[in-house]
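Hello,

I am passing this structure on to you. Please look through it first; my notes on what was found follow below.

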Amino acid sequence: MATVSVTRENASALISPEESNEIVQSVIEKSTALRVMTRLPNMGTNVREYPIMDSYPMAGFVDGDSGLKMTTTMSWKKEKIVAGEIAAIVAIPDNVVADSAYDIFGQMRPRLEEAAGKVADAAIFFGKNKPDGWREGLVPSAISAGNVVSSTSDIFKDIFDVNGVLAKVEEDGYFADNIVSAIEMRANLRGLRDKNDRPLYLENMHQGAQYTLNGMTIDFPRNGAWDSTQALMVTGDWSQAVYAIRQDVTFDVFDSGVVSDADGKVIYNLMQNDMKAIRMVIRLGWNILNPINQINQDNDTRFPFAVYAPAASETAELGE
């Protein structure tokens, strides 16, 4: 029996550009990674390549009037952003929708947006369930580059000292401009003071609950994606972390078709079960630029981010 469904083309007259843009922005707000990273223009295909400088030219003094001028060269390498798809389907019986005093689909939309933000954050920060075409997560990449400081009882020293987290970023030729932190760190940060006993952690509840640590903006993800066993904080130059949207968030409602599990077993037949299903889809990709710079020209150790990791004993306790 043929399955008839309402396609995006069929419903294009009902989907305005303003609403679509609003939904994209909502997903970005619900994802800490997308909010602090740099957004590039939307992708025209599922893969975008861009050149990154891989070596610097050299110059030198000329010896006398007839000395030989040195020769030099430059090289570039290609990096790419590969679009990955985040999606979800929720099926609801028609009778439930009809008997409800609320707009159920309207209630579900922000929750699905939040779910998309959580999946994006977990993959970007930690590489959790990432698509094959995506790079390793930001946290494991920073640790692999040696940009990691394990926590001690002296948080101020761990973050701001010459061997602290910020120094790791600076040693690679970057300036950290934002911190993303586990929410449980707030209790520890509230007690930080400078040499004049002034608090370093400030909360500004009059400007959208903005938080700063020694003048640097700090974000606390609350969508459940943050893994405190891997990182208590991550900081760096967020202009180097970029993402692009391949397909705006779309919400489609279906009243026919089937919903199957991972093994292909039919769970719901929408027409037979008198149900409707709402489907959310967004496609996006990301990468870290990390071009060569004059401070650190070693591709294996240069990285624009650093991690403040829990001590080994803390990691064991958190993992229990």
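Beyond its neighbours within four places in sequence, N147 is in contact (heavy atoms within 4.5 Å) with A142, K168, D172, T301, F303, F305, A306 and V307. N147 sits in the loop between α5 (138-144) and β5 (148-150); helices (H or I, at least four residues) and strands (E, at least two) are DSSP runs, numbered from the N terminus. Its relative accessible area is 4%, so N147 is buried (buried means under 20% relative accessible area, exposed over 50%, partly exposed in between, with a 1.4 Å probe and protein chains only). The side chain of N147 has two polar contacts to backbone oxygens: a polar atom of it lies 3.1 Å from that of F303, and it reaches that of F305 at 3.0 Å. A polar contact is a pair of N or O atoms within 3.5 Å; within protein, one must be able to donate a hydrogen and the other to accept it, and residues adjacent in sequence count only if both atoms are side-chain atoms.

Before the rest, the basis of these notes. This is a predicted model, in which local features need pLDDT of at least 70 and side-chain atom pairs count only at pLDDT 80 or more, while totals for chains, interfaces and linings use all residues. Residues are numbered from 1 along each chain as its sequence is written, and side-chain values use heavy atoms, with hydrogens and water left out.

On confidence: pLDDT is the predictor's confidence in each residue, from 0 to 100. The chain averages 84, and 84% of the residues score at least 70. Residues 1-6 have a pLDDT below 50, and this stretch has 10 contacts in the model beyond near neighbours in sequence. Over residues 315-320 the pLDDT also stays under 50, with five contacts beyond four places in sequence.

Next, helix α4. It covers residues 104-126, and its 23 residues should span 33 Å at 1.5 Å a residue; the end C-alpha atoms are 33 Å apart, which agrees. The expected span is 1.5 Å times one less than the number of residues. At the N-terminal end, D103 caps α4, with a side-chain oxygen 3.4 Å from the backbone nitrogen of F105. After α4 comes G127, which has a positive phi near 75°.

Then the nonpolar cores, each a set of buried Ala, Val, Leu, Ile, Met, Phe, Trp, Tyr and Cys residues joined through side-chain atoms within 4.5 Å. The largest has 65 residues, and those with the most contacts inside it are L189, L213, M233, V234 and W238. Helix α4 gives the most to this core, with 10 residues. A second, separate core of seven residues includes I81, A83, V242 and A244. As for L213, its contacts beyond four places in sequence are I159, F160, I179, L189, L192, L200, Y201, I218 and M233.

The aromatic rings come next. Rings of Phe, Tyr and Trp (its six-membered ring) pair if their centres lie within 6.5 Å; planes under 30 degrees apart count as stacked, over 60 as edge-to-face and the rest as tilted. The whole structure holds 10 such pairs. One of them is stacked: Y201 and Y211, 6.2 Å centre to centre with 15° between the planes. Y201 is in strand β7 (residues 201-204) and Y211 in strand β8, 10 residues apart. Y201 is buried at 5% relative accessibility, and Y211 is buried at 15%. Y201 also pairs edge-to-face with F220, at 6.1 Å centre to centre and 85° between the planes. F220 is in the loop between β9 and β10 (233-236), so this pair ties together parts that are 19 residues apart in sequence. Elsewhere, F125, F126, W226, W238, F303 and F305 form one aromatic cluster.

T32, in helix α2 (residues 32-36), is buried at 4% relative accessibility. Beyond four places in sequence, T32 is in contact with D121, F125, V180, D219 and P221. The C-alpha atoms of T32 and R222 are separated by 8.7 Å, although the two are 190 residues apart along the chain.

Finally, two backbone angles. Most residues other than glycine have a negative phi. N214, in the loop between β8 (210-213) and β9 (216-219), has a positive phi of about 55° and is partly exposed at 46% relative accessibility. N290, in the loop between β14 (275-288) and β15 (305-309), has a positive phi near 50° and is buried, with a relative accessible area of 11%.

Regards
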